[in-house]
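Please keep the sequence and the model in view while reading.

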Amino acid sequence: MANSVVKSGPLGRVVVWGLFAVLLIVLPLLFRSSLALTMLSQMGYLVIICLSYNILLGQGGMLSFGHAVYTGMGAFIAVHAMNQATKGAIWLPVSLVPLVGGVAGMFFAALFGYVTTKKSGTTFAMITLGIGELVAAMSLMFPAFFGGEGGVTTNRTYGAPFLGLTFGPQIQVYCLIAAYCFVSTALMYAFTGTPLGRMLNAVRDNPERVEFIGYNTQWVRYLGFIIAGFFAGIGGALAAINFEIVGAADSLSSVRSGGYLLFTFLGGATFFFGPIIGAVLLVLASVLLSEITKAWLLYLGLVFLLMVMYAPGGIASLIMMNLRVAKSGKLARLLGWYALLAVTGALTFFGIAALIEMIYHMQLNEALGPVLSFLGIELNVKSAASWAGTVVVALIGLGLFELTRKRFALRWGEVQGEIEAAIRAREAA
Amino acid sequence: MEFFTISMLNGLSYGLLLFMLSSGLTLIFSMMGVLNFAHTSFYMLGAYFAYSISGAIGFWPALLIAPLLVGGLGALFERYALRRVHKFGHVPELLVTFGLSYLILELVRLVWGNATVPYGLPEQLQGPLFTLYGTQFPKSRSFIMLLALLMLLSVWLLLTRTRIGLVIQAALTHPETVESLGHNVPRVFMLVFGGGAALAALAGVIGGNTYVTEPAMAGAVGSIVFVVVVVGGMGSLAGAFLASLLIGVLQTFAVAIDQSLATGLHALGINVTDQTFGHDLLQLSVAQVAPILPYLLLVLMLIFRPKGLLGRRDG
């Protein structure tokens, strides 16, 4: 799964991919509740969508604000295809519906991508935003196709069973999603190694030089965009099969596009497996975190902002950097610092989160009385002691954390310097 | 004639409000190469700050204080967040402002709630300024026009006639040379970012009570402002002015026209029924199509003139 973990040849590659397949099979056996199965199904198609988004962001350096257009259009075409098949107008087994969605996503990527990929960088970002708004606004004008406010519904249990699968129970839908997830991930990984995938990286890093060699950068971006659209469409169609309903206001919106961007980046755009982490986080955050706190979008925004500022490679890069340190046997020197960072960070988080929760409580749950329970502690929004206490905890935490972070940054720099010196020495030898 | 004049005036005042927003965005973009995704969030903050301040000490002080506060916040953000990611390149810069827009939206919801706030016009701006063909033109809209024109004039004077303006212009093209002459270029950038945020907030102070003040206001105008900047030509202030007026007038006229292709064909003697091919498309009135017109303009512009109306280079 990871291009840099597995440099150890074909054997390592087989092991990693085998583990991925085993994980897809074993997870639904371990977590048997219906909530877990729903979440796993969502993770399955979101992995495809986030990976397809990373073809643009990570591989091509194209920051798109309109990826929901291609997942959404894939979903809509898939739903209509399923409804036609139910009527008997066309022959289409459910197991092939994601491919229909993929082709639809590809078609719309080819259509809109022709305009958007004319530019790169920030202009590209603005144009994808504009196209996203265009499609979202248009979808409300054609209720016959997009179903207006109610959306379009479908039924996935039509037709003869395929290998005994009727796609009625959720577990069978999960199997379909898992199969598509595995194949799509493998195909997208293979794509990173093709000449086109490599050219996409080159266009990201140095477009002038690529043009000098004789490639058309716009054409390379365009092809990359179309391929991303194909996989986005597959993901969208799987979502449509999973929920049996697609709504225009929701699945084509810029909020959805922003979510894909946010979590792909959080997972890590610079490594192939980063978006997989992002997709898992997306489901965990939107299903579990939103249950715990009403302010989850605020926490998400804060985490995202800190991530962009301090770890622009996302979680994947944090993992890989620590793996590198561990390989060189220097991790022990940092472990103490990690513990300190964790303690001071937890203190800071505790103070700030308590403040946020108190303000939210005042705004939303005034009727429930002034007392709220936060991590087992009773806080009273009417008492000055609660406010002063949380502010003091937050400030002390922040001060200690900043102090530790600065010391840690020095140590971290030292260790990285030593590792790089060791690598250079090895290369020279 | 009556319809034309009133729509034109409304369109111009909306266009000028768009220009107040896009001018700050364009200035920041042309100087620092940063596309500030949170620009309309500053606009929203301006409106909310003005709502709170005008509740305490009145509208006219708020007109001055709210932009200054937001400008200060913008400068702080530039100093402590944007400058840190500058070395990573333009995409992380865009991402950090994207994250900020997320955060501001949630904070506004947290502090002022999810519903529309009752941010009303001050007494002096209520009522019509003049009556034309029996239709009244409100004072508030003329105030927007006046303020936008004043702002345009003062920004132009600041950039071309003052010492700091000359330094800004020089830092735009030759930052290293300006730095070696002893000017603090990062601080100039910080001032420009704060200034751009203040301009957006000023637009928010008067846009918030003329239209509505709600958490969705940043998103509603956000993508339109990006369209303005691309259509006008990236980094061109004059282009942004032209494109703002064009889009403002275009949208205002479009929402008022209740004609569709079907009625047009009817006038030519062709009847459109449910069975006609493309019936859904032909039945759409111009007013229904109005929300997508700016984006259509964007797409057409990119196909036929990719550098924008007054853009200098094809980037």
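The numbered points below treat the conventions, the contact between the chains, the domains and selected pairs of elements.

1. Conventions. The model is predicted: local features need pLDDT of at least 70, side-chain atom pairs count only at pLDDT 80 or more, and totals for chains, interfaces and linings use all residues. Residues are numbered from 1 along each chain as its sequence is written, and chains are lettered from A and ligands numbered from 1 in the order in which they are written.

2. Contact between the chains. Chain B contributes 36 residues and chain A contributes 32 residues to the contact, where two residues are in contact if their C-beta atoms, placed from the backbone, lie within 7 Å. On the side of chain B that touches chain A, the elements giving two or more residues are H3 (59–85), H4 (90–112), H9 (217–232) and H14 (293–304), all helices of chain B. Helices (H or I, at least four residues) and strands (E, at least two) are DSSP runs, numbered from the N terminus. H4(B) gives the most to this side, with 12 residues.

3. Classes on the chain B side. The side of chain B that touches chain A holds 27 nonpolar, six polar and three charged residues. Here Ala, Val, Leu, Ile, Met, Phe, Trp, Tyr, Cys and Pro count as nonpolar, Asp, Glu, Lys and Arg as charged, and the others, Gly among them, as polar.

4. The axes of H5(A), residues 121–139, and H9(B) come within 10 Å and cross at roughly 130 degrees; axes are lines fitted to C-alpha atoms, for helices over the stretch in contact, and angles run from 0 to 180 degrees between N-to-C directions. H5(A) is therefore oblique to H9(B), given that angles under 35 degrees count as roughly parallel, over 145 as roughly antiparallel, 65 to 115 as roughly perpendicular and the rest as oblique. In H5(A), Thr123(A), Met126(A), Ile127(A), Leu129(A), Gly130(A) and Glu133(A) meet Ser223(B), Phe226(B), Val227(B) and Val230(B) of H9(B). This contact of H5(A) with H9(B) comprises six nonpolar, three polar and one charged residues.

5. Domains of chain A. Chain A is divided into domain 1 (10–312) and domain 2 (328–428), with bounds that come from an automatic or database domain assignment. The centres of the two domains of chain A, taken over C-alpha atoms, are separated by 33 Å. Their contact takes four residues from domain 1 and four residues from domain 2.

6. A helix pair within chain B. H1(B), residues 2–32, and H2(B), residues 39–57, pack at an angle of about 135 degrees, with axes 10 Å apart. H1(B) is therefore oblique to H2(B). Leu21(B), Gly24(B) and Leu25(B) in H1(B) meet His39(B), Thr40(B) and Tyr43(B) in H2(B). The contact of H1(B) with H2(B) has three nonpolar, three polar and no charged residues.

7. S3(A), residues 371–374, and S4(A), residues 377–380, run antiparallel and are joined by four bridges; two strands pair if DSSP finds at least two bridges between them. Ser373(A) stands opposite Glu378(A) of S4(A). Two residues lie between the strands of this hairpin, and Leu375(A) in the turn has a positive phi of about 50 degrees.

8. Hairpin in chain B. Four bridges also connect S1(B), residues 128–132, with S2(B), residues 135–138, and these strands run antiparallel. Gln136(B) in S2(B) is the bridge partner of Thr131(B). Two residues separate S1(B) and S2(B) in the hairpin, and Tyr133(B) in the turn has a positive phi of about 50 degrees.
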